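Here are some exercises to work through with the structure open beside you. Try each task before you read its solution.

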Amino acid sequence: MSRALANLFREGRFGSQPLTHAPNSTSGTGSADSQRDATAQTIARILAGETHLFHELIRPVERPVFLMLYMLLRDETDAEDAAQETLIKVFRNLHHFRGDAKFSTWVLSITRNEGLGWLRKRASRPEEPLEPVLNPALDEGGGDFTPALLTDWRELPSESLERQELRACLSRAIVNLPPIYREVVQLRDLDDLDVQETADILGITPGSVKVRLHRARMTLQKELVPQLQAFAPTGKRSWFGRRV
Amino acid sequence: MNIDCKHVWRHISAYIDGDVDARLRAEIDRHLEHCEICSAVMDSTRNVVVLIADERVFEIPAGYSERLHRRLDAVLAEEGASG
């Protein structure tokens with residue numbers, strides 16, 4: 001179970017309570033501080049010659065690094081190759097890490113730059129047009145968004161994810177989001193980073209993170225709700241104008 | 001103050017994250033009590049957010065970690081020796 005999901009259960013996210021940690025929090029707990037101190041000590045030891053400790057240092061970020069590159073490149077092989085290159089760069093640049101940000105935030109910033117570099121290389125090959133990675137126009141426009149309308153929702157429990165078709169349905173919907181929405185969903189909802197960390201990695205304001213996340217989630221709701229009907233445990237949902 | 005459905009839709013993501021002030025939350029809660037559409041939209045959005053957070057949705061390729069650490073081992077050995 002992901003940390004994000006564990007938080008959801010712990011915080012009762014299936015009820016009417018907020019789903020995530022406080023959106024502007026900076027994880028400034030004692031536990032976070034001690035984690036940061038431990039990371040700083042590990043980095044100091046690596047820089048002093050205990051390079052084998054680098055393996056343990058990067059284990060917690062292996063998955064977020066791969067996911068970010070997969071979200072950008074949409075190709076597993078490229079994402080894995082780019083992840084290796086990224087983490088080698090992290091090793092070679094470890095002496096530049098100052099501890100102003102969390103280590104994971106710093107690594108994901110490097111990861112994103114690496115991924116964008118791969119996309120630029122692809123764009124130089126005419127047979128592989130660059131998808132519009134950064135499209136600020138998507139931050140503009142009207143705030144109104146009509147979701148998929150329905151009058152009842154029968155919750156799909158976590159156990160539903162045992163079904164490969166459901167997992168494929170969800171991952172496809174995320175991967176098909178416009179890139180600037182996809183990356184904010186990854187950082188906020190998949191990696192469980194807070195708003196400020198997400199803003200730091202993407203180089204945007206916290207307000208833009210919230211706007212993009214809102215649009216991304218509403219796009220997913222609109223796209224997925226009609227499809228998720230097929231995965232309901234029993235019975236049918238009543239759709240707007242179609243009571244059961 | 002009574003808010004309409006569109007007003008609720010504009011704040012769904014923030015509501016889910018607990019990022020609305022107490023007054024707006026109370027207004028949305030009042031609306032949800034009598035609006036089955038917004039209530040279902042809120043529940044479905046929350047359900048989608050919960051489901052996509054599950055690590056099973058995106059599976060990392062088998063052997064990814066092993067290959068990564070093998071490659072790092074080679075780099076660490078080479079650069080540790082030269083450094």
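Before we start, a definition: a crossing of two helices is left-handed if the near helix is turned anticlockwise from the far one by less than a right angle, and right-handed if clockwise. Keep in mind too that this is a predicted model.

**Exercise 1: two packed helices**

Task: Describe how α6(A) and α9(A) pack, and find the handedness of their crossing.

Solution: 
- Step one, what to look for. Two packed helices are described by the angle between their axes and the distance between the axes.
- Step two, the values. Helix α6 of chain A covers residues 103-123 and helix α9 of chain A covers residues 195-202; they pack at an angle of about 35°, and their axes are 8 Å apart.
- Step three, the handedness. Going by the definition above, α6(A) and α9(A) make a right-handed crossing.
- Step four, the residues. On the α6(A) side, Thr105(A), Leu108(A), Ser109(A) and Arg112(A) make the contact, and they meet Glu197(A), Asp200(A) and Ile201(A) of α9(A). Sorted by class, that contact has three charged, two polar and two nonpolar residues.

**Exercise 2: the layout of chain A**

Task: Work out which kinds of elements chain A has, and how its domains meet.

Solution: 
- Step one, count the elements. Chain A has 10 helices and zero strands, which reads along the sequence as α-α-α-α-α-α-α-α-α-α.
- Step two, look at burial. Chain A has 244 residues, and 34% of them count as buried.
- Step three, look at the contacts. Take the contacts in chain A between residues at least 6 apart in sequence: 69% of these join residues at least 24 apart.
- The domain assignment puts residues 27-131 of chain A in domain 1 and residues 137-231 in domain 2. The C-alpha centres of these two domains of chain A are 23 Å apart.
- Step five, bring the domains together. On one side there are 13 residues of domain 1 of chain A, in contact with 11 residues of domain 2 of chain A. In chain A, α4 (62-73) and α6 are the elements that give two or more residues to the domain 1 side. By class, that side of domain 1 has six nonpolar, three polar and four charged residues.

**Exercise 3: buried or partly exposed?**

Solution: 
- Step one, the cut-off. A residue is buried if 20 or more other C-beta atoms lie within 10 Å of its own, exposed if 12 or fewer, and partly exposed in between.
- Step two, Glu80(A). Glu80(A) is part of helix α5 of chain A, residues 76-92.
- Step three, Leu94(A). Leu94(A) sits in the loop between α5 and α6 of chain A. With residues up to four places away in sequence left out, Leu94(A) touches Ile43(A), Ile46(A) and Leu47(A).

**Exercise 4: positive phi**

Task: Look at phi for Arg74(A) and Asp192(A), and place each residue in chain A.

Solution: 
- Step one, the background. Most residues other than glycine have a negative phi.
- Step two, Arg74(A). Arg74(A) is not a glycine, yet its phi is positive, at about 55°. Its place is the loop between α4 and α5 of chain A. Arg74(A) counts as partly exposed because it has 15 C-beta neighbours inside 10 Å.
- Step three, Asp192(A). Asp192(A) also has a positive phi, near 65°. You'll find Asp192(A) in the loop between α8 (179-190) and α9 of chain A. Asp192(A) has 19 other C-beta atoms within 10 Å, so it is partly exposed.

**Exercise 5: where the chains meet**

Task: Describe the side of chain B that touches chain A.

Solution: 
- Step one, the residue counts. Chain A brings 55 residues to the contact and chain B brings 41.
- Step two, the elements. In chain B, α1 (5-10), α2, α4 (36-52) and α5 each supply at least two residues of this side. The most come from α4(B), with 14 residues.
- Step three, the classes. This side of chain B divides into 22 nonpolar, 11 charged and eight polar residues.
- Step four, the confidence. The model has an ipTM of 0.92 and a pTM of 0.83. Chain B has an average pLDDT of 93, and 94% of its residues score at least 70.

Terms used:
Residues are numbered from 1 along each chain as its sequence is written. Chains are lettered from A and ligands numbered from 1 in the order in which they are written. This is a predicted model: local features need pLDDT of at least 70, side-chain atom pairs count only at pLDDT 80 or more; totals for chains, interfaces and linings use all residues. pLDDT is the predictor's confidence in each residue, from 0 to 100. Two residues are in contact if their C-beta atoms, placed from the backbone, lie within 7 Å. Helices (H or I, at least four residues) and strands (E, at least two) are DSSP runs, numbered from the N terminus. Ala, Val, Leu, Ile, Met, Phe, Trp, Tyr, Cys and Pro count as nonpolar, Asp, Glu, Lys and Arg as charged, and the others, Gly among them, as polar. Axes are lines fitted to C-alpha atoms, for helices over the stretch in contact, and angles run from 0 to 180 degrees between N-to-C directions. Domain bounds come from an automatic or database domain assignment.
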